[in-house]
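Here is a walk through a protein for someone meeting it for the first time. Have a look at the sequence and the model, then read on.

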Amino acid sequence: MRRTTFLQLLRAGLLAGLATAATAQEAPRQPPGCDPDVEQALALANALRQEARHCGARAFEAARPLRWSGALQTSARRFAAELAARGELSHQGLSSPTLRERVRDTGYVLRAVGENLAAGPLGLDEAFSLWTASEEHCANLMRADFEELGLACVSASGRYERFWVLHLAAPARRF
């Protein structure tokens, strides 16, 4: 009986392993670390904003927490895919030349908007470290008028393996 149970478990394990391998082959996945977790992204951004900090020579007070925006995630994902296809890092887009156009194309009605880009970081922590070390990117993260964010990472072949796009914005006031 003991032998039968072992063989059944072994057979079940092998079949489960084959099913997992087949599923992995059917659905190509982003490399590890290039599919940002919403909760982790919000936690990193909001941890930075909860304390006053200097971004270069500029001092910022603590700012209120940001919320996740599906529309901003969509605009970030579209632009990250464009950058990956081009293989270059630029705030100038081809399909939608300006940041405001890129965000408005998703239906987001904005009052203020900012964009942080990174090419090459392997993970979310590394991307945020680069942004906090840059005066302008850090300032975007600390802007008190920003209320929402969306983040995307797209993998690419070539010089950079990953393109990160963070869109931060304040929606237009509704009256």
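What covers the buried residues of α2? The cover includes β1 (53–55), β3 (67–68), α5, α6 (135–142) and β5. Contact here means heavy atoms within 4.5 Å, and buried means under 20% relative accessible area, with exposed over 50% and partly exposed in between (1.4 Å probe, protein chains only).

Before going further, a word on the model: it is predicted, local features need pLDDT of at least 70, side-chain atom pairs count only at pLDDT 80 or more, and totals for chains, interfaces and linings use all residues. Residues are numbered from 1 along each chain as its sequence is written, and side-chain values use heavy atoms, with hydrogens and water left out.

**The layout.** There are six helices and six strands, in the order α-α-β-β-β-α-α-β-α-α-β-β along the sequence. These are DSSP runs numbered from the N terminus: helices are H or I with at least four residues, strands E with at least two. Of the 175 residues, 39% are buried.

**Back to α2.** Its buried residues are Ala41, Leu42, Ala45, Asn46, Leu48 and Arg49. They line one face of the helix, because seen down the axis of α2 they fall within an arc of 155° (taken from the directions from the helix axis to the C-beta atoms).

**The cores.** A nonpolar core is a set of buried Ala, Val, Leu, Ile, Met, Phe, Trp, Tyr and Cys residues joined through side-chain atoms within 4.5 Å. The largest one has 21 residues, and Trp131 and Trp164 have the most contacts inside it. At least two residues each come from α2 (38–49), β4 (110–119), α5 (124–133), β5 (148–155) and β6 (162–171). A second, separate core has 13 residues, including Ala80 and Tyr160.

**Two polar contacts.** These are pairs of N or O atoms within 3.5 Å; within protein, one must be able to donate a hydrogen and the other to accept it, and residues adjacent in sequence count only if both atoms are side-chain atoms.

| Side-chain atom | Backbone atom | Distance |
|---|---|---|
| Asp37 oxygen | Glu39 nitrogen | within 3.3 Å |
| Ser75 polar atom | Leu72 oxygen | 2.9 Å |

Ser75 sits in helix α3 (residues 70–86) and counts as buried, at 1% relative accessibility. Beyond its neighbours within four places in sequence, Ser75 is in contact with Arg102, Val103, Thr106 and His167.
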